[in-house]
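Keep the sequence and the 3D view open side by side.

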Amino acid sequence: MEASGKLIYRQRQVILFFVLFGLSLAGVERWRYSVVEETEGSSFVTNLAKDLGLGQRELSKRGARVISKGNKLHMKLDQETGDLLLNEKLDREELCGHTDPCMLRFQVLLENPLEFFQAELQIIDINDHSPVFIDKDMLLKISESSPPGTTFPLKNAQDVDVGRNNIESYMISPNSYFHVLTRKRSDGSRYPELVLDKALDREQEPELRLTLTAQDGGSPPRSGTARINIEVMDINDNAPEFEQPLYRVQIPEDSPIGFLIVTVSATDADTGVNGEISYSLFQASEEICQTFEINSMTGEIRLKNQLDFERIQFSEVNIEAKDAGSFSGKCTVLTQVLDVNDNVPEVTVSAFTRQIPENSPEAMVAVFSVSDLDSEENGKINCTIQDDLPFLLKSSLENFYTLVTERPLDRESRAEYNVIITITDLGTPRLKTQLNVTVTVSDVNDNAPAFSQTTYTLRVRENNSPALHIGSVSATDADSGANALVTYSLLPPQDPQLALASLVSINADNGQLFALRSLDYEALQAFEFGVRAADRGSPALSSQARVRVLVLDDNDNSPFVLYPPQNGSAPCTELVPRAAEAGYLVTKVVAVDGDSGQNAWLSYQLLRATEPGLFGVWAHNGEVRTARLLSERDAVKHRLVVLVKDNGEPPRSASVTLHVLLVDGFSQPYLPLPEVAAAEAQADPLTVYLVIALASVSSLFLFSVLVFVAVRLCRRSRAASAGRCPVPEGHFRGHLVDVSGTGTLSQSYQYEVCLRGGSGTSEFKFLKPIVPNFQGHSLGPEIE
């Protein structure tokens, strides 16, 4: 109950407040203020303290405040200074719309004591909006029959500004048909009205495009535009007109039924139904109606019946074009029937030669005559052939022609010609007859056979089988028949010592070459001969080519050892002092190979040795050297087997046996190996006798040695190759040269030898070796 009592008390206070507020408003004068729209917020409006006659701080003491309808505070009061300020930027169009003037009412309330003051704020409009047409494109349909002065109201533009800033006038783009008036309604708004200045003509200008401009009275003025599309409506005020009043046509007499003679065309400046045209024959006779017909829609005039030049040569046809109303137009068609060239020329051949020998000057090919049953130009005839042929047409008598060659023909260039003789009349259209003449050029033997190459190089490997096909030569002859048949033969060799007939033969028909016997590269490495190709013409023509045959080497020769000699009566023995250093040159194996190239590249290797590791053989030059220092434990006698191998495929090889005797200076006598002694005893009885004589007669020791040396020299001279005796003697010949880079014996290796008497046996003592400077690996021993 207590709470409800308090609520009733407060309601009564509020009611009393508004009653007192209304009574106070009734007798208070209003204060007016103004501000321009779009003024920024917090802008100064007035000083209320001065307007109310109060002190600066009195407003604050009395609780002054600003109130407005709906509590929308567009302004605020600074109680300290008494200034009335804008609370925000004001937009007149948003607050008042089209209401002019735009007034915002507010009250100033003083609470202690209670006092009210009435005031209002006028918002002054600025020109911040341009006129706008709601309809940017307007369409007007105006009949071309509308008289000048006719008006046509247009839709107006809208401008949210008021007063002078609203629309003041309308303008139209410059033209010769319309101007615009600005009308004013009762509410003060203005609208445009279009006025026709002169009559419209749809045929000259079917539509107009104008621009309407609305302009306000602001400063500066603003404007807006809209497009006006004016469509001129047609009326039937034009008659059809033909493109030309007179048509002249020529019709061939053989034109078929339905043939299009001419198409007449008329136009009507009107549109729609008023511009639709139909065509018809105008005041035509029965004969015209039976001969011609016209399409009423397209104006095409066609033949209805066949024409006859002998019956009708000229005709006059009148045509009428009529629109949907009462207007019509007329034209005339003059037709001329033309005679037709309907006969083709005829040709008659009197003589014809099918084959023409080549190289014949101006030979006759054909004789013929032509005719045409037509008359005048249609009966005149012209004869032609192709321009790119070596033939001519000569006119002999009236309408008689002769076809001859223009120059000598070459069968090799072209063996056959297809001559097309075209006979054409001069009628319209021109008719022609064609005569095809095929001319064959017979051959004359005027071309010699030609080899495909001037020089042929053939390669054949040695040791070939007899009758081996080693290659071919080929020649062609541009002639034909027997003149083109080629026969091949061998020419006598330029070298009289070359037995060509025993080496090669040739197939006379196809030029294939055969080796008659096995060839040996070592005997004959290459040879050359000539080949002749002759045709069978009369007279026969021929040509020549050179053939070079290269014999390719085959690995058919084994290496041959020159040193030590292999055909002596006894093997050679090499003496090596025990004091020899490692790398000491014992001897050099010299070999050659009869092949060439890599088949003659020789390599050396030690195949077997009495004591492996004591001696070595250099692979490329065949030098036999000691591999290490000699010792007392090494055997005195050594047997070395050296293998010599070439680089062929498959490789071939040869071996040679060397006998090496180790000696201690010259204190140790030279004792021949048992097999050597046996060989010497069997080979030469004189040696046995000499040993017996030396054993029995020591005084003759020196003489016996000399005889022994002399006998050995005689045996060496009888040998086919330079060898060495069991006791090294004599000089190596200077002509022993290196074969395939395996070294030579050009450097000398000398020993001093003396004889010791009184021993009862023959012995050699090596005093000391005289060793020259070694250069490279091509040193060989030379013994004195």
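Start with an open sheet: 4 strands, in the order S18-S25-S24-S21, with mixed pairing. Helices (H or I, at least four residues) and strands (E, at least two) are DSSP runs, numbered from the N terminus. Two strands pair if DSSP finds at least two bridges between them. Strand S18 (246–252) and strand S21 (278–281) are the edges, and each pairs on one side only. From one strand to the next, the twist averages 30 degrees. Axes here are lines fitted to C-alpha atoms, for helices over the stretch in contact, with angles from 0 to 180 degrees between N-to-C directions. S21 joins strand S24 (residues 314–322) through 4 bridges in the antiparallel sense. There, Ser280 faces Glu320 of S24.

A word on the source. This is a predicted model, where local features need pLDDT of at least 70, side-chain atom pairs count only at pLDDT 80 or more, and totals for chains, interfaces and linings use all residues. Residues are numbered from 1 along each chain as its sequence is written, and side-chain values use heavy atoms, leaving out hydrogens and water.

Now look at strand S9 (residues 137–143). Buried means under 20% relative accessible area, exposed over 50%, partly exposed in between (1.4 Å probe, protein chains only). S9 pairs with strand S16 (residues 223–233) in the parallel sense, over 7 bridges. Lys141 stands opposite Glu231 in S16.

Strand S29 (residues 381–384) also has two faces. Ile381 and Cys383 lie on the covered one, Asn382 and Thr384 on the uncovered one. Its antiparallel partner is strand S32 (residues 416–425), over 4 bridges. Thr384 sits opposite Thr422 in S32.

Nonpolar side chains tend to be buried together in soluble globular proteins. What does Phe529 touch? Beyond four places away in sequence, its contacts (heavy atoms within 4.5 Å) include Leu490, Leu500, Val504 and Val549.

Finally, zoom out. The protein has 9 helices and 53 strands. Of its 784 residues, 39% count as buried.
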